[in-house]
Structures are given as C-alpha cells and as structure tokens.
Amino acid sequence: MRAAIFHENGGPEVVRIEDVPRPAAGPGQVLVRVRAAALNHLDLWVRRGIPIETTMPHVGGSDVAGVVEEVGEGARGVAVGERVVVDPSLSCGRCEWCASGEVPLCPDYRILGEHTDGGFTELLAVPAANVYRIPDDLSFEAAAALPVSYMTAWRAVLGRGRVRPGEDVLVLGASGGTASAAVQVAKLAGARVFAVTSGAENVARVRALGADVVYDRDDTDFSRQVFQDTGRRGVDVVVENVGEATWKGSVRALVRGGRLVCYGATTGPRGDIDLRVLFWKQVEIIGTTMASRPEFQAMLRAAFRGDLVPVIDSVMPLERAREAHERLEAGGQFGKIILVP
C-alpha cells in the first residue's frame with residue numbers, strides 16, 4: 001500500500017510516496033481504510049526534527065477519517081463498514097491522570113502521527129476505543145479536519161480558558177486550523193470575539209466564521225487597537241498560538257485578572273513577560289494541548305449538530321503530500337489541508 005513517508009528530517013523535499021507493508025488489526029484494534037487525513041503544523045515540526053522519540057522512517061498524519069475494514073480480537077463497540085473519525089490521543093490508560101479523564105497529562109501521552117506512524121497512508125491500525133462513528137451526511141474530508149484543531153480549540157477555550165457568555169476573547173493567528181476553530185468555539189460559548197489574521201481576504205473569511213472584530217496584523221497593532229475597542233479595558237481571554245512574535249502584545253491585551261491560554265508557538269518558543277505585569281494585573285498564563293476524551297466527544301457532538309463547521313483550505317491526492325507540506329509551511333492557507341489516498 002502507498003504512504004507519504006520520509007526517511008530523514010529536513011524540508012518538504014524529504015517527503016516521498018512509497019509502498020509500505022499492509023498493517024493488520026491487533027488485539028483491541030481496528031484497521032481503518034483511510035479516506036481523508038489532514039495536515040497540522042505538528043507534521044511540519046516532526047518532519048523538520050524535534051527532540052522526541054518517533055518512528056523513522058516516518059509516516060505523519062494525526063487527523064484521520066475512514067471506514068473500518070477489519071476488527072481485531074477483543075475490539076468492542078465497532079463493526080466492519082462503519083464510517084469513523086479517529087481520536088489521535090494515545091495514553092497508558094492506567095495512571096492517575098488517565099483515571100481522572102485527563103488523558104493529555106498522562107506521562108506516556110503520545111499523539112498518532114507524531115510519536116507513531118499516522119494516517120498519510122491507505123490503511124491504519126488504531127485502538128478501537130479511539131474511533132467514533134460519523135454521520136452519513138458528514139464528508140470524510142470534513143471529519144478529518146476536526147480532531148487536532150477542534151479538540152485543541154475546545155479545550156483551550158472552554159476547558160482551560162473557562163470562557164463564559166459575555167466575555168471578550170482575542171484569537172491570534174485566526175487563519176490557521178486550530179485558531180479558526182477557536183473563533184467558532186468562542187462564539188458558541190457566547191463570547192464577543194476579536195481575531196488577528198493577515199490580508200483583506202483572510203479578514204473577510206474570519207469575520208464570516210463569526211468573529212465580531214478582525215484585525216489585519218499587517219496594518220494594525222492589535223494589542224493597542226483591542227485596548228481601544230474594549231473601552232480601554234482589555235479582553236478576558238487571549239487564545240495564543242503564534243508565540244514569540246505576538247506574545248508581548250497578547251499579554252498587553254489582557255484585562256486585569258485575564259487569562260492567556262497558549263497551545264502553540266509557531267514563530268518561536270520564547271515568550272518574555274514582565275513579572276510585575278503578571279502579578280500586578282493578576283493575569284493567568286495557562287498551557288493547554290489536545291483534549292480529554294469527554295472534551296473530544298463534546299466537540300464531535302457540536303460538530304455533528306452543525307454548531308462547528310470545519311474550515312477546509314484545499315483537498316489534494318496523497319501523491320501531492322510534498323506540495324501539501326510546502327503550502328502549509330508557506331503559511332498561505334486558510335483552514336485545513338486534506339490529503340486523500
């Protein structure tokens with residue numbers, strides 16, 4: 001079977017299409033015929049090389065939707081032929097964090113396609129407990145756009161950010177997959193949403209997602225403008241993924257007692273902060289990643305109701321995986337890039 005694979009770290013040129021062995025469903029697993037798989041910035045970081053233990057050669061892809069083709073011994077609750085989406089969270093299932101439902105805090109926490117081979121292939125074996133049926137009227141492409149971005153946004157906004165109706169929320173990098181999801185989740189929570197993106201076209205797209213106020217970062221100092229637009233108050237919550245380039249502005253944009261929720265650092269991992277601002281304004285700096293099982297399920301229910309609409313930038317055949325990496329790396333996309341085997 002075919003897979004988009006790389007044998008060494010590097011730029012998009014290391015990604016190639018090769019034949020790889022066909023997997024089988026082991027005990028407690030199901031074999032999914034992949035119908036769509038979405039890219040994340042995570043795929044870029046793994047390809048470039050980050051200090052984690054992963055498979056090499058490596059097949060990326062954390063966001064997977066498809067059809068169950070085989071059910072392994074002991075697998076329960078799923079049948080051959082079912083249309084499913086995969087929760088990419090992998091954990092030990094035994095530690096105190098797993099027992100409390102906080103899977104992302106498991107010391108052995110792993111992500112499909114990052115620490116293991118993923119879904120940029122034709123067939124993928126995954127734990128049966130990680131697959132969820134999808135409605136017949138939801139396309140595989142839309143389902144594949146959901147997992148990493150929408151589960152991360154759900155936890156960032158509702159779980160860790162504790163956004164309440166009537167609060168003001170600022171979302172950075174709003175043309176990205178997770179940030180565009182955060183705009184939708186924050187609106188669903190009843191917040192007034194401010195967002196930052198670049199270019200007039202993206203400004204219009206983010207506004208169409210429901211953002212109340214959208215800033216073009218190329219034309220506006222967002223932290224100064226949001227301060228003015230909130231009556232010199234600031235926002236209750238900042239959802240931050242850009243990192244070094246926006247960190248100071250994000251902290252500056254917070255109201256006294258506000259919360260900054262960080263789930264990424266696409267422009268660099270260092271975020272300087274004046275500690276006097278931290279304690280004098282009594283702001284919270286909150287880290288988050290991925291989601292718990294209940295949060296993942298709640299996100300899916302909202303998507304299945306139509307309350308969340310996956311944003312898809314483009315759909316490409318698996319053979320164009322290198323081009324997909326290049327497009328995501330260039331940063332010109334709006335929403336998710338999907339590969340179809």
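Predicted model: local features only at pLDDT ≥ 70, side-chain atom pairs only at ≥ 80, totals over all residues.
Let me start with an open sheet of six strands, in the order S13-S12-S11-S14-S15-S16, with parallel pairing. Strands S13, residues 213-216, and S16, residues 284-287, stand at its edges; each has a single partner strand, so one side of each is left without a neighbour in the sheet. From one strand to the next, the twist averages 20 degrees.

Strand S15 covers residues 254-262 and is joined to S16 by four bridges, the two strands running parallel. If you want a place to look, find Leu 260, which stands opposite Ile 285 in S16.

Helix H6, residues 200-208, lies across S13 and strand S12, which is residues 192-197. The helix runs at about 165 degrees to S13. Ala 204 is found in this helix.

Three strands form an open sheet in the order S2-S1-S4, and here the pairing is antiparallel. Which strands stand at the edges? They are S2, residues 16-19, and S4, residues 58-59; each has a single partner strand, so one side of each is left without a neighbour in the sheet. Strand S1, residues 2-6, is joined to S2 by four bridges, and the two run antiparallel. In that pairing, Arg 2 stands opposite Asp 19 in S2.

Last, the surface. Which residues make the nonpolar surface patch of about 420 Å²? They are Leu 275, Phe 279 and Trp 280. Trp 280 has its place in helix H9, which is residues 275-280. With a relative accessible area of 64%, Trp 280 is exposed, because the cut-off for exposed is over 50%.

To recap: the six-stranded open sheet has parallel pairing, the three-stranded open sheet has antiparallel pairing, helix H6 lies across S12 and S13, and Trp 280 is one of the residues that make the nonpolar patch.

Definitions and conventions
Residues numbered from 1 in each chain as written. Heavy atoms only, no water. Patch = residues over 30% accessible without salt bridge, like charges linked within 9 Å, V, L, I, M, F, W, Y side chains within 5 Å. Areas by Shrake-Rupley, 256 points an atom, 1.4 Å probe, with all protein chains shown as cover. Salt bridge = Lys/Arg side-chain N within 4 Å of Asp/Glu carboxyl O. Buried < 20%, exposed > 50% of the residue type's maximum accessible area, 1.4 Å probe, protein only. Pairing = 2+ DSSP bridges. Axes fitted to C-alpha atoms, helices over the stretch in contact; angles between N-to-C directions. Contact = heavy atoms within 4.5 Å.
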